[in-house]
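Notebook, opened with the sequence and the structure side by side. I want to look up the fold first and the packing after it.

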Amino acid sequence: MTSSATKVTIVSERVILDKITAIIEAAGATGYTVIEGGGKGSHGVRTTDRPSVVKALAIVKIEIVVADRETAEKIADAVNEKYFKHYSGIVYLERVEILRPQKF
Amino acid sequence: MEPLLDFLSTFAVQFQKPTLAFLLGGMLIAALGSKLDVPDAIYRFIIFMLLMKVGIGAGMEIREANFFDLLAPALISVIVGVVIVLTGSATLARLPGVRREDGIATSGLFGAVSASTLAAAMVLLEEEEIGFEAWVPALYPFMDIPALVIAIVLANLYLQRTRAKAPAGQSAANGERVRVWPIVVDSLRGSALSALLLGLALGLLTQPDRVFETFYEPLFRGLLSVLMLIMGMEAWTRLMELRRVAHWYAVYALVAPPTHGLIAFGLGYVAHLTTGFSPGGVILLAVIAASSSDISGPPTLRAGIPSANPSAFIGSSTAVGTPIAIAVCIPLFLALGQLVFGL
């Protein structure tokens, strides 16, 4: 049996990873997953296939699944307002089906 | 006429040295679109190895050094770091088409120090058999940290002033004061400085002589050549990025390294006359001043001045500043040193 929850995905620069995870924890989410990556966006290409001298500007994708949508929106809004004026990043929400709802 | 010819020939010889050749080779293969890649982990390991070697070497030397010999060069390093940022923000940051905070961030990066340039200079001095006090590389943080701190403070003061002029309501959320201590801690925690300081402590407090002689010392040159290759490839990639920002950055990145080096050379020369600072030390100090940070400086600045455009400051430093420091400034100050000190 599955129950519904909301997934927040934040793609941003590694340099503000700590600050974003602090927001996530303050909002009351029980956990998150960080994936390092590369790609292309409005700030140009971030390669993954070559050593980059400045690791802090590499991108990370942070995924958070929370039971109630309110928390999800709180995280998304806080990150967006606080950091995305100067740092590059995107944030989006999705409906997801989860197992073991007590974990969220 | 003859000293000038001597100067030019010493200068030309340096271009055949492996360090520079690997740098140019890296730029060349990147320009040709080569698929060659060196894994990220190896790059990081090389930085660790080089700074560990530099740190341990310096630490072992400090054990025997007279502590007061260190004072004048350390003070010079701090002064040079601060002066670089102040002149940069009075010149580059005021040019048309350059946003003030971008200009200040760029000068902060040029005041900070590049580990790869420092290592390259050490190898060339050893090849030329020019001696220097082994603690000279430990001057790195004395120039690096003040430069980054001053740049971040200056940029934030400027941003606060412009916000104060902005209509009320916009400025309400942005009243945070700049705290200096977190910037210092952040710099010290950077990968390059942590390795250097750990090495210093190990060299100073323990007896790492055997592991130093059998592992760190023999690997130093080989790893440096790989690092130079990577820096060359990175420089080419960043050059594309630099094209998108104002051309003044490229001009600054060409002119600033030799100018900064000359300031340090002059002050170092005074220290040579007054406290007996070695000629090799003066040359190395000039190269440290000429170098611009490419590893640990950018993240600190990105965090400290979020509104500054990283393409501008990283592009200037990595694409133009570092190649100029390695390919032009090292041979230049080596030749100048040989001319001035008659080595």
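I take helices (H or I, at least four residues) and strands (E, at least two) as DSSP runs, numbered from the N terminus. The model is predicted, and I kept to its limits: local features need pLDDT of at least 70, side-chain atom pairs count only at pLDDT 80 or more, and totals for chains, interfaces and linings use all residues. Residues are numbered from 1 along each chain as its sequence is written, and chains are lettered from A and ligands numbered from 1 in the order in which they are written.

Fold. I read chain B along the sequence and got α-α-α-α-α-α-α-α-α-α-α-α-α-α. That gives 14 helices and zero strands.

Dimensions. I boxed the C-alpha atoms of chain B along the principal axes and got roughly 65 × 45 × 45 Å.

Burial. I called a residue buried if 20 or more other C-beta atoms, placed from the backbone, lie within 10 Å of its own. In chain B, 51% of the 343 residues count as buried.

Contacts. I counted two residues as in contact if their C-beta atoms lie within 7 Å. Of the chain B contacts between residues at least 6 apart in sequence, 89% join residues at least 24 apart.

Core. I looked for nonpolar cores, sets of buried Ala, Val, Leu, Ile, Met, Phe, Trp, Tyr and Cys residues joined through C-beta atoms within 7 Å. The largest has 111 residues, and A151(B) and V287(B) have the most contacts inside it. Helix α14 (residues 310-341) of chain B gives this core its largest share, 15 residues. A second, separate core of 20 residues includes I23(A), V65(A), V66(A) and Y87(A).

Notes:
Buried ≥ 20, exposed ≤ 12 C-beta atoms within 10 Å, placed from the backbone.
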